[in-house]
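Student: I have a model open and want to go through its contacts. Can we take it step by step?
Tutor: Go ahead.

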Amino acid sequence: MKNQPKNAYFLTPVTFTVVIGGFLFGYDTAVISGTISSLQSFFISPRQLDPSTADSLLGFAVSSALLGCALGGFLGGWLSGKIGRRNGLLVAAILFLISALGSSMPEFGFQTLGQGDHQSLHLFIMYRVMGGVGIGLASMLSPAYIAEIAPSAQRGKLVSYNQMAIVTGIFIVYFINYFIAAQGDQEWLNSVGWRWMFASEAIPAFIFLTCLLFIPDTPRSLILRQKPEESKSVLHRIYPDVEAIQIYDDINHSLSQNQHKPLFSYGKKLVIVGVLLAIVQQCVGINAVLYYAPEIFKSMGDQSDGALLQTISVGAINFLFTFIAIYTVDSWGRKSLMIWGGIGMATFMIGLGSCFYLSISGSLVLFFMLAYVACFAMSWGPVTWVLLSEIFPNTIRNKALGLAVAAMWIANQFISWSFPLLNNQETLVALFNHGFTYWIYGAVSLLGTLFIWKYIPETKGKSLEMVERYWTTTE
Ligand code: BGC
């Protein structure tokens, strides 16, 4: 099957619309970083709590969106089964919009606008959780949508655009926060500036919402929702006529016996493999590096400005190396990228841990960290999402992908919570001088690589229905 797109004018705008979901995923997870000290001064300090209660309340407020992410990932499968992929994304866009405006003015409806105080903290948390549900939904639905609409020869590349969008969102919000913070002094930032940081997200959320109104649902989702004619018409916009009919028959056949099969219909192994893949992507430690980069650099004795610059270089490398995946994932294949990337990540993480162990600081630390991020960006970052969106058969994709994405967000929360604890644990510091945590991430990268090599099938160039047949023949 050649699978060449008949109409790039259709696939390009559709893909660009859907990856705004990925952009918002990155934007929303990172926007909070610029607001932490203001949230402390606005919501926490006036309560005059003892230091440890104050710290945990701040920690909860900052990480509350992650709770919503796990919930959103889990609900994504169920929701899109009911209303379709496109409409599921619409719900995510609405949640992003409400969350952006609500988090910036949590007192709305209860106190005079702009005059709210620390008493609106519970409302702020509620809006952040709503945004988190939006992220969870988008993180599951955007790659699933693209995988279902993309011709197999381009699927890896098109799904990887979503990762590019996530990384762009993380990178851009960093500059937006910086620009907003530069508009006033610390006092202004603590009372007004932080509100603008959250409110700024309303712009991409509104664009997302509007663009979504112009795209159709995916052919597979339309058949699942008993809309065969609409499905055929979407396929005809992507493929030459004969091929469109052939693909329609293939999808229809895969869905014909039972539209929504139980989760383990293709055996437990497939579901466990998918969920583990999602968990391992987090346990290689990428978000410990991304979320704590400025702190890590500061702890190595760098001045604030130097730390800032190095954090920007981490973001830039993450962005640039994603291109390698985009241009190679459909030719070199998913497995080789994951395996070589995993070996690289393990090597540089072990190197990074050894620097800390041996108290080496300076450019070698920066080199190991950037090299690790580069390896992640060209492999486990995008390709995990490519694999997750294509390894599950049509009839269980909603449930299984929802479960894997929820597990990924829980693992994310675990890693972000445990990193500072492990990194500052007295005995570990006495024995390994801050090297231990990085060695663990290095070991997980190595185990993850073995896991890919042994359990993940190569999906390059296969239609989703062909991947599905792989599981029925090997189970
Ligand atoms: C991961 C995120 C991570 C992002 C950054 C994604 O593939 O799922 O947890 O923050 O990449 O590059």
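Student: How many salt bridges does a search of the whole structure find?
Tutor: The search finds 11 salt bridges. Keep in mind that this is a predicted model.

Student: Which residue forms a salt bridge with Arg397?
Tutor: Glu148 does, and the closest N and O atoms are 2.5 Å apart. Arg397 belongs to helix 19 (residues 397–423) and Glu148 to helix 6 (residues 121–149), so this pair ties together parts that are 249 residues apart in sequence.

Student: Is Arg397 buried or exposed?
Tutor: Arg397 counts as buried because its relative accessibility is 1%, and the cut-off for buried is under 20%. Glu148 is buried too, at 3%.

Student: What about Arg220, which side chain does it meet in a salt bridge?
Tutor: The side chain of Glu465, at 2.9 Å from N to O. Arg220 lies in helix 10 (residues 219–224) and Glu465 in helix 22 (residues 464–474), so parts 245 residues apart in sequence are tied together. Both Arg220 and Glu465 are buried.

Student: And Glu229 with Lys232, how far apart are the closest N and O atoms?
Tutor: They are 3.4 Å apart in that salt bridge. Glu229 and Lys232 are separated by about one helical turn, because they are 3 residues apart in helix 11 (residues 228–238). An α-helix has 3.6 residues a turn, so residues three or four places apart point the same way. Glu229 is exposed, with a relative accessible area of 55%, while Lys232 is partly exposed at 30%.

Student: Changing topic, what surrounds the ligand?
Tutor: The surrounding residues include Gln163, Val167, Ile170, Phe376, Trp385 and Met408. For polar side-chain atoms, Asn287 has one 2.7 Å from an oxygen atom of the ligand, Gln282 has one at 2.9 Å from a ligand oxygen, and Asn318 has one at 3.1 Å.

Student: How much of the ligand does the protein bury?
Tutor: 98% of the 310 Å² that the ligand exposes when taken alone.

Student: Where does Gln282 sit, in terms of helix 13?
Tutor: Gln282 is in helix 13 and is buried there, as are others, among them Gln281 and Cys283. The 16 residues of helix 13 (residues 268–283) should span 22 Å, and the end C-alpha atoms are 22 Å apart, which agrees. Gly285 follows helix 13, with a positive phi near 90°.

Student: Last one, which residues form a nonpolar patch on the surface?
Tutor: Tyr357, Leu358, Ile360, Leu364 and Phe367, with about 470 Å² of accessible area together. Of these, Leu364 lies in helix 17 (residues 363–377) and is partly exposed at 38% relative accessible area.

How values were computed
Residues are numbered from 1 along each chain as its sequence is written. This is a predicted model: local features need pLDDT of at least 70, side-chain atom pairs count only at pLDDT 80 or more; totals for chains, interfaces and linings use all residues. Side-chain values use heavy atoms; hydrogens and water are left out. Patches are made of residues with over 30% relative accessible area and no salt bridge: like charges are joined within 9 Å, nonpolar side chains (Val, Leu, Ile, Met, Phe, Trp, Tyr) within 5 Å. Accessible areas come from the Shrake-Rupley method with a 1.4 Å probe; for residues, only the protein chains shown count as cover. A salt bridge is a side-chain nitrogen of Lys or Arg within 4 Å of a carboxyl oxygen of Asp or Glu. Helices (H or I, at least four residues) and strands (E, at least two) are DSSP runs, numbered from the N terminus. Buried means under 20% relative accessible area, exposed over 50%, partly exposed in between (1.4 Å probe, protein chains only). A residue is near a molecule or strand if one of its heavy atoms lies within 4 Å of it. A polar contact is a pair of N or O atoms within 3.5 Å; within protein, one must be able to donate a hydrogen and the other to accept it, and residues adjacent in sequence count only if both atoms are side-chain atoms. The expected span of a helix is 1.5 Å times one less than its number of residues.
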